[in-house]
Amino acid sequence: MTEQKPGIEWLRSVEFDVADLAASAAFYADVWGLKVVDRTPDAVYLRGTSTEHHILVLREGATCGIRRANFGAADRRTVDELYDILRDVALAPPKNLDEPGDGYGFAFSDGESREMRVISGIGPHEKAGLRADVPVKLSHVVYASTDADAASAFYQRLGFRLRDESGRIFFLGCNQEHHCLAFGRAPVARLSHVAFDLPSIDGLMRGTGRLKAAGLTLEHGVGRHGPGNNVFAYFFDPNDIVIEYTTEMAHIDDRTYKFGGPEFWDKRVTVDEWGVAGPPTERFRTRGSRGLPELMKDKQ
């Protein structure tokens, strides 16, 4: 059992650079199921149905992909403590944020130049009316990494717990959910995918059907992963970023949960325990998020 440390406690939001801001905002609002809550001259902020102020920020950029992930800390004191740990890689000291939702935080760059930010105090929304087939919140973000072992060790200093290691992928959680961050061994460091949490399997199936009716291709799924036990359905957004509908992520009690390493997962199906998803599409296998596919070669 890994000892829990105070620090990062949840995944708040991700920020994407996109080719066409208006078209991408329309996709995420009208097709994916989020709601626009604010706009600035260069960004669109979208929420799910939870109380989180926003879970996705879109900005127009020359290169499409993830700009950074934003994580939540309980209070300003925790943010300051994390800054002390990360002082050498912090991009600036903590400060009050002048952006929709406000908050207090700082950004840092890890060993593979991924930008992350830790924020406390963002003003919450009232919970929106729950709709089964649209996202509630973010579930997890997965990166391909040239040194996944080092990435895993780095984030464990910030309160993450290593829950499982499948041989290719390190699964890290910072609360009761099995993982909200993961790193997979790969030749190049890049985004793998971002997963959005739906309320139930029925909601995920209805949402997947709605997306297919809107013209999206189901690139992989529907199936159930091994580590995390979550149900998955993968799609592309208009910028070739892999996005996932997921649900039923396993909840973990670190006092009793038994870590599963490669020797455990090598004996299990890790990608789809149900065996109904079938192989991913060729596009997903070769182009996902500018090249996730090697992570999906884990034990079928």
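# Chatting through a predicted model

Trainee: Does Glu99 count as buried or exposed?

Mentor: Glu99 counts as buried, because its relative accessibility is 18% and the cut-off for buried is under 20%. Keep in mind that we're looking at a predicted model.

Trainee: Okay, where is Glu99 found?

Mentor: Glu99 is in the loop between E6 and E7.

Trainee: And what does Glu99 touch?

Mentor: Leaving out residues up to four places away in sequence, Glu99 touches Tyr45 and Arg117.

Trainee: Let's zoom out. How many helices and strands are there in the protein?

Mentor: The protein has six helices and 16 strands. Its radius of gyration is 18 Å, close to the 19 Å that the globule rule gives for 300 residues, so the protein is as compact as a globular protein of that length.

Trainee: What box do the C-alpha atoms fill?

Mentor: Roughly 50 × 45 × 35 Å, taken along the principal axes.

Trainee: And what share of the residues is buried?

Mentor: Buried residues make up 58% of the 300. There's also a figure for contacts: among those between residues at least 6 apart in sequence, 68% join residues at least 24 apart.

Trainee: What about the surface: how much of it belongs to carbon and sulfur atoms?

Mentor: 49% of it does, out of an accessible surface of about 12,600 Å².

Trainee: Now the strands. In what order do the eight strands of the open sheet come?

Mentor: They run E2-E3-E4-E1-E5-E8-E7-E6, with mixed pairing. The edges are E2 (35-40) and E6 (95-96), each of which pairs on one side only.

Trainee: What holds strands together in a sheet, in general?

Mentor: Strands pair through backbone hydrogen bonds, either parallel or antiparallel.

Trainee: So which sense do E1 and E4 use, parallel or antiparallel?

Mentor: E1 and E4 (residues 56-60) pair in the parallel sense, over five bridges. Within that pair, Glu15 stands opposite Val57 in E4.

Trainee: I also spotted Arg12. Which strand does Arg12 lie in?

Mentor: Arg12 lies in E1, which covers residues 10-18. It counts as buried because its relative accessibility is 5%.

Trainee: What does the side chain of Arg12 reach?

Mentor: The backbone oxygen of Ile119, at 3.1 Å. Setting aside neighbours within four places in sequence, the contacts of Arg12 include Glu52, His54, Asn70, Phe71 and Leu138.

Trainee: Switching to helices. Which residues of H2 are buried?

Mentor: In H2 (residues 76-86), the buried ones are Thr78, Val79, Leu82, Tyr83 and Leu86. They cover an arc of only 145° around the axis, which puts them on the same side of H2.

Trainee: Why do residues three or four places apart in an α-helix point the same way?

Mentor: An α-helix has 3.6 residues a turn, so residues with that spacing point the same way.

Trainee: What do the buried residues of H2 pack against?

Mentor: Strand E7 (104-109), strand E8 (115-120) and helix H3 (148-156).

Trainee: And H1, what caps its N-terminal end?

Mentor: Asp20 does: one of its side-chain oxygens lies 3.2 Å from the backbone nitrogen of Ala22. After H1 comes Gly33, with a positive phi near 110°. The buried residues of H1 (residues 21-32) include Leu21, Phe27, Tyr28 and Trp32.

Trainee: Further along there's a hairpin of E10 and E11. Which residue there takes a positive phi?

Mentor: Gly167, also near 110°, in a hairpin with three residues between the strands. E10 and E11 (residues 169-173) run antiparallel and are joined by four bridges. Asp164 stands opposite Phe171 in E11. As for cover, five of the five residues of E10 (161-165) are buried.

Trainee: What about Pro187, buried or exposed?

Mentor: Pro187 counts as exposed, because its relative accessibility is 67%. You'll find it in the loop between E12 (181-185) and E13 (190-197).

Trainee: Last one: where is Glu273 found?

Mentor: Glu273 is in the loop between H5 (262-265) and H6 (282-287). It counts as partly exposed, because its relative accessibility is 30%.

Trainee: Which side chain does the Glu273 side chain make a polar contact with?

Mentor: That of Arg268, at 2.7 Å. Glu273 also touches Asn229, among others. Those two are 44 residues apart in sequence and 8.5 Å apart in space, C-alpha to C-alpha.

Definitions and conventions
Residues are numbered from 1 along each chain as its sequence is written. This is a predicted model: local features need pLDDT of at least 70, side-chain atom pairs count only at pLDDT 80 or more; totals for chains, interfaces and linings use all residues. Side-chain values use heavy atoms; hydrogens and water are left out. Buried means under 20% relative accessible area, exposed over 50%, partly exposed in between (1.4 Å probe, protein chains only). Helices (H or I, at least four residues) and strands (E, at least two) are DSSP runs, numbered from the N terminus. Two strands pair if DSSP finds at least two bridges between them. The arc is that of the directions from the helix axis to the C-beta atoms. Contact means heavy atoms within 4.5 Å. A polar contact is a pair of N or O atoms within 3.5 Å; within protein, one must be able to donate a hydrogen and the other to accept it, and residues adjacent in sequence count only if both atoms are side-chain atoms. The radius of gyration is taken over C-alpha atoms; the globule rule is 2.2 Å times the number of residues to the power 0.38. Accessible areas come from the Shrake-Rupley method with a 1.4 Å probe; for residues, only the protein chains shown count as cover.
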